[in-house]
Amino acid sequence: MTSTEARIADQNPANKLGEADTRLTFCRVCHASCPMEVDVVDNRVVAVRGVMDDPLFEGYTCIKGRAIPDQMADPNRLRAPLRRRPDGTFEQTSSGAALDDIGTELRRIIDTYGPRAVASYTGTGGYQNSVAVPAARAFHQGIGSQSFYTSVTIDQPAKGLAGFRLGGWEAGYNSFTDSDVHMAIGYNSPVSSYAPIGGLQGTNPFVVMRQRKAEGMKLVVIDPRRTELAGFADIHLQIRPGQDPVLLAGMIRIVLEEGLQDHEFCERWMSQMAELAAAVEPFTLEVVAQRCQLDADDVLVAARLFAAGPRGTAGTGTGPNMAAHSSLTEHLVMVLNTILGRVNRQGDLLENGLLLYPEVPHRAQAVAPRPPAEGPRARIRNLRGYRGEMPAATLCEEILTPGDGRIRALIVSGGNPAVAFPNQQLTLDALQDLELLVVIDYRMTATAEFADYVIAPTVPLERADVPHLMDRWFRAPYTNYTEAVVERDGDVLNEWEVFWELASRLGSTLPFPGGSPDMTTRPDTDEIIDRSYFGSRMPLDEVRANLRTVHMDKKLTVQPAEEGAGAKFTPAPDDFVAELANVFEEGPDGFGGTDVAGYPFRLVSRRLKHVLNSTGPELPSLARKGITNPAYMHPGDVDEMGCVAGDLVEITSPQASIWGVVQPSDDIKRGVISMAHSWGGSSLSDEKVRDIGSPTSRLVSEHAAHDPVTGMIVSSAIPVSVAKVSETV
Ligand SMILES: Nc1nc2c(c(=O)[nH]1)N[C@H]1C(S)=C(S)[C@@H](COP(=O)(O)OP(=O)(O)OC[C@H]3O[C@@H](n4cnc5c(=O)[nH]c(N)nc54)[C@H](O)[C@@H]3O)O[C@H]1N2
Ligand SMILES: Nc1nc2c(c(=O)[nH]1)N[C@H]1C(S)=C(S)[C@@H](COP(=O)(O)OP(=O)(O)OC[C@H]3O[C@@H](n4cnc5c(=O)[nH]c(N)nc54)[C@H](O)[C@@H]3O)O[C@H]1N2
Ligand code: SF4
Ligand SMILES: [Mo]
C-alpha cells in the first residue's frame, strides 16, 4: 500500500469495519486519465469516485468512468479466450492453448507468405493501455513485418503531418491556460474530453472553462452544431460542414489585408508571405459567407477577435479532421496561428512537463519543413507509412488485393473495425477473407464475430499503467501511475503479454525502446512500462513515487534560439496552393470529384456522453433504452420531410444507405444530420436499427474521397440525401 492509499484507508470508516478497501487509481475508459478512488470488496469494485484533492482534476469524472463497476461485473464480459469451431460457433479454451494454436498458424503464414502477411491493428481500447501500442510495435519489429496499424491513422492523421509541410516551432504554440482568445474548430471536449494542443482539455473542463471565461478569455467556436462547448462561446459560427478551408483561408485573408499579423515574427520566421496572400486572395468575405452559410459580419468580427489575441491558438478536432481536405484545413489553421505569432517565446514557461518521454530541446526557433521520413510503401494508392505505422485507410485493401505482400493474418487489439472503419462492406469482406483473425477484446463485438480466436484481456483496473496520452496534454507538469488495484478475474492477458507469448513462440524478440525483455520467462508489466518509456524525462521510479502532484520544479523554460537559426516556415507550398485553388473551383458541393448532385444534406460525426465509440451500450447503466445513435436534424428539416421524432429515415450517400431514427434538435444547422459513429453490427442492413443503431462508416469509401496527403478516407461532412421510410412493422 502506498502512503496515499494508507491515508485513504485510514480515513474510510468502511475499511475499519473491514467491509471495503479503498484504492487509488486512474480511469482508462478514455484517454483523459481521471484519478479515481475505488472501493473494493472481495476483489469486486463496488464504487468509484473522483479524487477531490487532485490538483488538476479536482474530483472530476464522467458518466462512462463511473460505470466501471458495471463493466467489471458484467456477466457477458469475456473472462477466458474463445476459439471458433468448424461449424462457426465458439468454444471456450485456455489462453495457453489458444496462443499455441495462434503461434503455429502465424509460423505457417510467415513461412508461406513472408512476415508482411502478419498485421495488427490497435484501436481505441488498446490505446488506453500504455504498453499495448509499444508491444504491438515491438512485435512487428521483432518479426520484421511492416504491417503495423493503429487508430491514429484514422483519428486525425493530418495533425501529425502538417508540420512536415509548413514547418514547426520547437518551443510549441500558446497553451489554453494563458490564452486571451481561443478558437475551437470542430471539437467538443466537454463531451469528448479531447482537445487539440492549446485547447480546453478533458481535465475538469467545465470548471476550467468557467474560470478562464471569468478571467476574460474570449472563445470562438466553429461547429455546425451548437455544442456543449459552443454554449460558452462569445461567437459561434455555425458553419456548413466541410467548408472550414474556405473559412480559414478567408480569415487569413482578413488578417493580411488588415495588417493584423505579427509583422516582426513574420519577417524573421516566415517565407512565402506573398504567395500565401495570393493563394487566399479569392476567398473574399462574400465568398466565405456564401460558401459557409454564415453572416459576413460574424466572420469579420470573429477573425478580428481572434487576431487581437495577443495570446491563444486555433485548433481542430475530429469534425474538420474527418471531413474532406483535412490536411489542407490543418495547414491553414497552423498558418493562421503562426502568422499571428502564437508561439512560446524565449523565457516563457511551458504549461506541460512532458514527463514520460525523453527530453527534447525547446528553443524559440522554427523547425524547417521536411518530408516525413519515408516509411515502407503500401500497395494501395501509392501511400506510404510514416512514423513506423502504415495507414489504416489501406488495411482492408491490403488484405483483399492479391499479390506479394498480401495480409493474411490480423491481430485486432482493442478495436472494432467492423463498425468503425470506412466502407463497411469492404471491411466485412476483408475480415472474412483473412486466414487468421485474432481479436483481443473483453466483449463479443461485431469484429469478434469473424474471429478465429478471441483473447480476453485484462480490464483497466487489473493492470498497472501510466497516462501516456495525457502526458502531452496535462495543463501542468503532472503525472500519474497506477498499480493494478484488483486481481485478474479469469484467464485474461494484458495486451503486451499476448504479443510477448506469440513472439516467444515464434522465436522472436520484443525490441522496446529500452530493449527486449527476456523471452523465456515472462516479465511483469512494470518492466514493460520501463522498457516502453525508457529515457523518460522523469525517471519512472520517480513517476511511481510522486502521484497526483504538480511538479513545478519540472517546468520547462523556453530557451533562446541557436545562433544563426535559419529555418523558416513555408506557408504556401505548391501542393497546398493547388489544393486550395481546387477547393475554390469545386464550389460549395465539392467532394473529392464525386458527383454529389442529389445529396443536399451533410452528415457529420459527433460524440455521445454515455458511449465511447462502439463501447458502452452493452452496460445497463449506460444503455438508454430505445436510444442508439439518433439522426439529429433541425426541426425545420424534419417537418419538411413530413417526419416526427422517432420516425425512420433512409440516409443515402453516393456509396450506400443506412437507416436512422430521427431526433429533431434545434442545435443543428439546417441541412445537416449529426450522428455518432461505430454503432450497428456486422450486418449490412439495419432492421435492428432501433436496438443497435446503424454505422455511418457504411456511407463512405475510398472511392468517394480521400485526403491527398494522409490517404484518410473522408468520414464526416458526407453528402447524403434523406427520405422517410414507411414502416410496415
Ligand atoms: N464515420 C465515422 N467513422 C469513424 C469516426 C467518425 O467520426 N466518423 N471516428 C473514428 C475514430 S476517431 C476512431 S478512433 C475509430 C474508432 O475505432 P476503434 O478504436 O476500432 O473502435 P472502438 O469502438 O473504439 O473499439 C474499441 C474496442 O476496444 C475494446 N476495449 C475497451 N477497453 C479495452 C481494453 O482494455 N483492452 C482491450 N483489448 N480491448 C478493450 C472495446 O470493447 C471495443 O470493442 O472510429 C473511427 N470511425
Ligand atoms: N463521450 C465520448 N468521448 C469520446 C469518444 C466517444 O465516442 N464518446 N470518442 C473518443 C475519440 S476516439 C476521439 S477521436 C475524440 C474526438 O473528440 P472531438 O474531436 O472533440 O469529437 P466530437 O465531440 O465528435 O467533436 C467533433 C465536432 O465537430 C463538429 N463537426 C463535424 N463536422 C464538422 C465540419 O466539417 N467542420 C467543423 N468546424 N465542425 C464539424 C461536430 O458537430 C462535433 O461537435 O473523442 C474521444 N472521446
Ligand atoms: S473522462 Fe474518460 S478518463 Fe475521465 S472518467 Fe470519463 S471515461 Fe474515464
Ligand atoms: Mo478517435
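This is a predicted model: local features need pLDDT of at least 70, side-chain atom pairs count only at pLDDT 80 or more; totals for chains, interfaces and linings use all residues.
**View 1. A salt bridge between D101 and R83 joins a helix to a strand.**
The side chains of D101 and R83 meet with a nitrogen-to-oxygen distance of 2.9 Å. D101 belongs to helix α4, which covers residues 95–113, and R83 belongs to strand β4, residues 82–84, so the pair ties together parts that lie 18 residues apart in sequence. Both partners are partly exposed, D101 with a relative accessible area of 27% and R83 with one of 23%. Across the whole structure, a search finds 51 salt bridges.

R107 is partly exposed at a relative accessible area of 33%, whereas D111, at 56%, is exposed.

**View 2. D637 and R670 form a salt bridge that links distant parts of the chain.**
The side chains of D637 and R670 come together at 3.1 Å, N to O. D637 is buried, having a relative accessible area of 6%, but R670 is partly exposed at 37%.

**View 3. Six residues are linked in a network of salt bridges.**
The members of this network are D100, R488, E497, E501, R505 and R522. As a general point, side chains of opposite charge can pair when their charged atoms come close.

**View 4. Ligand 1 is surrounded by 29 residues.**
The closest of the surrounding residues are T124, D441, R443, E495 and S614. For S614, a polar side-chain atom lies 2.5 Å from an oxygen atom of the ligand, and for R463 a polar side-chain atom lies 2.9 Å from an oxygen atom of ligand 1. G414 contributes through its backbone, with an N or O atom placed 3.3 Å from an oxygen atom of ligand 1. On its own, ligand 1 has 920 Å² of accessible area, and the protein covers 96% of it. The shell is made up of 7 nonpolar, 16 polar and 6 charged residues. Domain 2 (82–153 + 373–463 + 493–518) and domain 4 (590–724) each provide at least three residues of the shell around ligand 1.

**View 5. Ligand 2 lies between domain 3 and domain 4.**
Both domain 3 (157–363) and domain 4 (590–724) give residues to the shell around ligand 2, so the ligand lies between them. The shell holds 32 residues, of which D155, S192, D223, D244 and V611 are the closest. Backbone atoms take part in several contacts: an N or O atom of G186 is 3.2 Å from an oxygen atom of ligand 2, a polar backbone atom of N188 is 2.9 Å from an oxygen atom of the ligand, and a backbone N or O atom of I222 is 3.1 Å from a nitrogen atom of ligand 2. Of the 920 Å² that ligand 2 exposes when taken alone, the protein buries 96%. At least two residues of the shell around ligand 2 come from each of α8 (189–192), α15 (318–322) and β17 (601–606). By class, the residues of this shell divide into 13 nonpolar, 11 polar and 8 charged.

How values were computed: Residues are numbered from 1 along each chain as its sequence is written. Chains are lettered from A and ligands numbered from 1 in the order in which they are written. Side-chain values use heavy atoms; hydrogens and water are left out. A salt bridge is a side-chain nitrogen of Lys or Arg within 4 Å of a carboxyl oxygen of Asp or Glu. Helices (H or I, at least four residues) and strands (E, at least two) are DSSP runs, numbered from the N terminus. Buried means under 20% relative accessible area, exposed over 50%, partly exposed in between (1.4 Å probe, protein chains only). A residue is near a molecule or strand if one of its heavy atoms lies within 4 Å of it. A polar contact is a pair of N or O atoms within 3.5 Å; within protein, one must be able to donate a hydrogen and the other to accept it, and residues adjacent in sequence count only if both atoms are side-chain atoms. Accessible areas come from the Shrake-Rupley method with a 1.4 Å probe; for residues, only the protein chains shown count as cover. Ala, Val, Leu, Ile, Met, Phe, Trp, Tyr, Cys and Pro count as nonpolar, Asp, Glu, Lys and Arg as charged, and the others, Gly among them, as polar. Domain bounds come from an automatic or database domain assignment.
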